[in-house]
Amino acid sequence: MTTTSLADHLRALPDEELAALIRLRPDLVIPPPSDFSALAHRAQSRVAVARALDALDQFTLEILDALRYTRVGHVSSVEAVLALTAQSGVDAVRVRAAIDRLRAYAVVFGPDQALRIAGAVEEVCSPYPAGLGRPAEELDPVAGALAADAAGLRRTLLAAPPAARAVLDRLAAGPPVGTVAATSLQPDSDSPIRWLLDRHLLVAVGRDAVELPVEVSLVLRRDAGPLGQMHPEPPPMETPQREPAQLDRAGAGQVLELVRHAEGLIEAIGQDPPAVLRSGGLGVRELRRYAKLVGVEEPQAALLAEIVTAAGLIGEEIVDNKRIESVFLPTVAYDAWRAFGIAARWHRLAVAWLTMTRAPALVGQRDDRDRPINALAPELSRPGAPTQRRAALQVLADLQPGQTAAPAAVVETLTWRAPRRHSRGAATGIEATLAEAAFVGLTGFDGLTGYGRLLLAELAADGLDPDDPLGIAAPEGFALPGSAAALDVLLPAPVDHVLLQADLSVIVPGPPEPTLAGELELLGLQESASVYRITPDTVRRSLDAGYSAGDLHALLARRSRTPVPQTLAYLIDDVARRHGGMRIGSANSYVRSDDETVIAEVLADRRLQGLGLRRLAPTVLACRHTPARLLEALREAGYPPVQEDSTGAAVLSRPKARRGAPRPTWAARGVEDPAASVRLSAPRLAGVIEQIRRGDAAARVARRAPVTVRANGAGGASHTEALEVLQQALRDKTRVWVGYVDAHGATASRLVRPVSMGSGYLRAEDERTEMLHTFALHRITGAVPESDI
């Protein structure tokens, strides 16, 4: 049977092929169409066709151009395309494979001898298939006469000067139109364009445009064939070989740096929360300050801010409801994230980077209004960013383990794989993506790591267990994903000990376990990934948190594999001896000390005159400021006070961490393409196909309903006669066409078998859908027995 429409073609497809089409083009079922006519209409829309062509490689698009060029009327044929591509020296097997790929995407359909091209292809593609222009006869009668004379055309081409021949060769490669200066078209001009126009090798098609006739292009392409240079194979890549373990080690080292920098950035934001700009981003000064604190460049700090925000570790908190002012703060999820191992923490960051619809490389550039683009600003949203990241990494994933490729080679390969999506102008974005992948730790030495391959496979999979398609089975404990488990083997094991040095530095010979990390955060000042330093301020901070000098000595003796340096022991004892010797409280606040000389020294200190201190007793001073302000001023002046409560007990000063709400995902803001991240499991896909087939059957049945039923009873039996028909069908147990008005006031019809009738309602079974329907008798407009049709 010859298919004449895409709807008929889709209707005739088996479920397996229809499911394959939907997997390739999931946007066609978002939301599910009502029937095959709606599915075909959606598949031939301009947006859907453009999205389908964006996924095709350069050679497949060249074969589509060949189909368009060889089309006669509305159809083409495989034989015509094979004859045309044979002149270009392309293998027929590759041509048929490209046509099958076009069929799989429903861009073309029908049998080999009558291939049809889906609608809207002409709208989204170049109007010049294969870079060939229109016939000369359509452009100019004189040019048509020259094209009809093959010998004269060749002689004219051979007489073209070098400059004019260069113009012809450039237009013959496609596209066949070009824009020229108006002066080049003047009759007295000596330009090569004027020479070609005078010989009718070019035709002016506007005030400043010219077009090369197809006959001239075919003569110039006599060596390459009518379709010109074709590209059945991707461009060759240089793939230097390295040991796969070398790539994994390089990536694992960067993973440690990524997690450390991410934690440092979040901690810095938590200690001094930056304000959210009115545009929704992070200020340039704040970004520069955090970059210095973390120890990275500003572009890397912007990338880190975007990743941790996408991972839900940084959020916002409103601090002024009237002015609607907010600040960035760590979220509650950050506290849970810190309790994970390095591999699990990296996995969350890497997945966030791969899936976020953000382009951090644009930070610092100018928008359409010539304003700088800030980190975390809405202007960084790019719905195609996840697709570009996965496509770039997939080029590396297709290589053998250990093989590497330079960014320029990846750009060339992507340009062949999806030329409409990755044009040569997008080279900067692709190279930035590869640099970000190296910063995240997915690549090393321009090659994809082993755990990076596993992560890409995890994101590409449906993520569903065949034995548990609904995902209702309870998980058995906590297990790392495959990629994180592979990375965990490469990372050094968490350590529970340190190495104390005489210069008061603390060496951590590996990632610290969570408990040790908390102790080091309180007792030391981090200088690098594995080096902390103990200072008087950090000792005082530990004492403020509730540790005593004996506790610190015991902690260091238990954690250190080297003897505790004497200088460190003296430092702890000295700070502890002075710690708490001075107490402050609220009078609004007060200062008290058992040492009268200390009180006298504070009262006489010129640096503290702004506090307005006054003596209440030989050992007590009163202050008009709050205890927090008094505490800060005394510490800045070099005194070691401790705050106390109303009972005289010391107040532990471990700061309370503020937490904000995670930012809403960019998809929730309506930015992300819904078809870019949809995952259709096999059960869901089968349900969608069944829904379409049922809807299509219902639509076809409705079209077959009697006219008297579909026309709301006009010209048919009266309501009383319709009830008599229903009663007779009920007695005979036969099917009947029922016309009725639904709840929305629309007329509809249905072929049913009456089951019962009474109390003002008809109950009937639709054997096609195996459902029982109830009709109000006063809404029934007509009834016709099936046997009368």
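## A cavity and some salt bridges

The largest cavity holds about 100 Å³ of space. This is a predicted model, where local features need pLDDT of at least 70, side-chain atom pairs count only at pLDDT 80 or more, and totals for chains, interfaces and linings use all residues. Residues are numbered from 1 along each chain as its sequence is written, and side-chain values use heavy atoms, leaving out hydrogens and water.

On a 1 Å grid over the protein atoms alone, a cavity is a set of points where a 1.4 Å probe fits but cannot get out, and lining residues have an atom within 4 Å of a point. A volume is the space filled by probe spheres set on the points.

So who lines the largest cavity? There are 13 residues, and V498, L516, L520, L523 and L556 lie nearest its centre. Four residues, the largest share, come from α25.

Now for salt bridges (a side-chain nitrogen of Lys or Arg within 4 Å of a carboxyl oxygen of Asp or Glu).

| Pair | N to O distance |
|---|---|
| E122 and R71 | 2.4 Å |
| D605 and R607 | 2.9 Å |
| R735 and E786 | 2.8 Å |

Conventions: On a 1 Å grid over the protein atoms alone, a cavity is a set of points where a 1.4 Å probe fits but cannot get out, and a pocket is an open set with protein on both sides within 12 Å along at least five of seven lines; lining residues have an atom within 4 Å of a point. Helices (H or I, at least four residues) and strands (E, at least two) are DSSP runs, numbered from the N terminus.
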